[in-house]
Amino acid sequence: MHEVGIMSSAMTAVLAEARRRGAQRVHRIVLRVGTLSGAEPDALRFAFEIVAQGTLAAGAELEIDPVPARARCAACATEFDAGAGLICECPTCRRLSGDLSQGRELELARLEMS
Amino acid sequence: MGQITEYKDQDGDIFRVIVQGEPPAGAAAPATRTIDLTIPLLEKNDRRAERNRTFFRERGLLALNLVSSPGTGKTALLERTLDDLGREVKCAVLVGDLETDRDAQRLHRPHVSVAQITTGSACHLDAEMVARGLEALELDQVRLLFIENVGNLVCPASFDLGEALRVVLLSTTEGEDKPLKYPPIFKSAQVVLLTKIDLEDRLSFDRAAALENIRRIAPQARVLALSSRSGEGMAEWYQLLRGELLAR
């Protein structure tokens, strides 16, 4: 349910960026969303419809670029993708790692405007 | 690295933007432009959280963010902790709920400053609510601040409050596989407490399986099993808190 708040701050940034560049319309918005960010892509899409209404970004396409979780192994320094169920077990030495190097991203990544 | 620009949002807060691939100055702007950006969507919360963290550090306060599903026993854990430890170490509590101040009433003790944050419809506490809640607390001599988050195992994962430790509770009534179903919150925990272990036998709860699930999802976390009702495991919890206070 916090996706509305997240989309509102995304929209603030989108509109600031679009206005600053003198854009009349925003056509496409790309977000980078980590699998461990706690934000649900479907809920973000739903929230986007609401917060974009009546703005330069109304009707824009929202693309969500998922960022997989990755971890670092404390023993052998290998960086690896989290496995099934987001369990981070090092493929070389089988140790579990809680040291995440990516997967919590929640970012506005790209805009298409005219 | 791209060009860095600062913006002000409606609240007058400044956020930073890194822009890559901007068309060169003087070039005719194409009909449709594509720009690459890196704008963290929770930057405003993260900045407030950092401000809270600095405030806690400067006052020598250990701040804990207690997160769990509703009904895991966060308030019961705090009631017992305030009774057992509250006279030895001065404590304060910020408690978040959608409505009512029932938890604040339950936690009310003459020796403890308690403030309730009612979030209305918000499903989590954010750093700004905590900053405002702090103004309502008497923090003189306080060493331990418990922030009892809204009962929710999803949304609070995304919001840093400025805490030193995130404590995630899992109760025996929820089943052994909860960590596997809600990885983000468990992966963000420094401490995981398995609560209501006095009910273990009646529920045929498999403690070893639960601990193994926690370890696989959250190998970084320290894990304790306890019961606020029977008192089992509470000494270890207080030991953990004392150790953290000494380390500060």
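Chain A has two helices and six strands in its secondary structure. This is a predicted model, so please hear every value as computed from it. Along the sequence, the order of elements in chain A is α-β-α-β-β-β-β-β. The globule rule gives 13 Å for 114 residues, and the radius of gyration of chain A is 17 Å, well over that, so chain A is more spread out than a compact globule. On its principal axes, the C-alpha trace of chain A spans about 55 × 30 × 15 Å.

Now burial and contacts in chain A. Of its 114 residues, 49% are buried. Taking the contacts with a separation of 6 or more, 71% are between residues 24 or more positions apart. The accessible surface of chain A is about 5,200 Å², and carbon and sulfur atoms hold 50% of that.

Next, helix H1 of chain A. Just past the end of H1(A) comes A:Gly22, with a positive phi of about 65°.

One residue of that helix for a closer look: A:Ala16, which sits in helix H1 of chain A. Is A:Ala16 buried or exposed? Its relative accessibility is 16%, and the cut-off for buried is under 20%, so A:Ala16 counts as buried. A:Val4 is 12 residues away from A:Ala16 along the chain, and their C-alpha atoms are separated by 18 Å.

Last, chain B. How many helices and strands does chain B have? There are eight helices and 10 strands. Chain B has 248 residues, and 54% of them count as buried. Among the chain B contacts with a separation of 6 or more, 67% join residues 24 or more positions apart. The accessible surface of chain B is about 11,300 Å², with 48% of it on carbon and sulfur atoms.

To recap on chain A: the radius of gyration is 17 Å, and 49% of the residues are buried. For chain B, the buried figure is 54%.

Conventions:
Residues are numbered from 1 along each chain as its sequence is written. Chains are lettered from A and ligands numbered from 1 in the order in which they are written. This is a predicted model: local features need pLDDT of at least 70, side-chain atom pairs count only at pLDDT 80 or more; totals for chains, interfaces and linings use all residues. Side-chain values use heavy atoms; hydrogens and water are left out. Helices (H or I, at least four residues) and strands (E, at least two) are DSSP runs, numbered from the N terminus. The radius of gyration is taken over C-alpha atoms; the globule rule is 2.2 Å times the number of residues to the power 0.38. Buried means under 20% relative accessible area, exposed over 50%, partly exposed in between (1.4 Å probe, protein chains only). Contact means heavy atoms within 4.5 Å. Accessible areas come from the Shrake-Rupley method with a 1.4 Å probe; for residues, only the protein chains shown count as cover.
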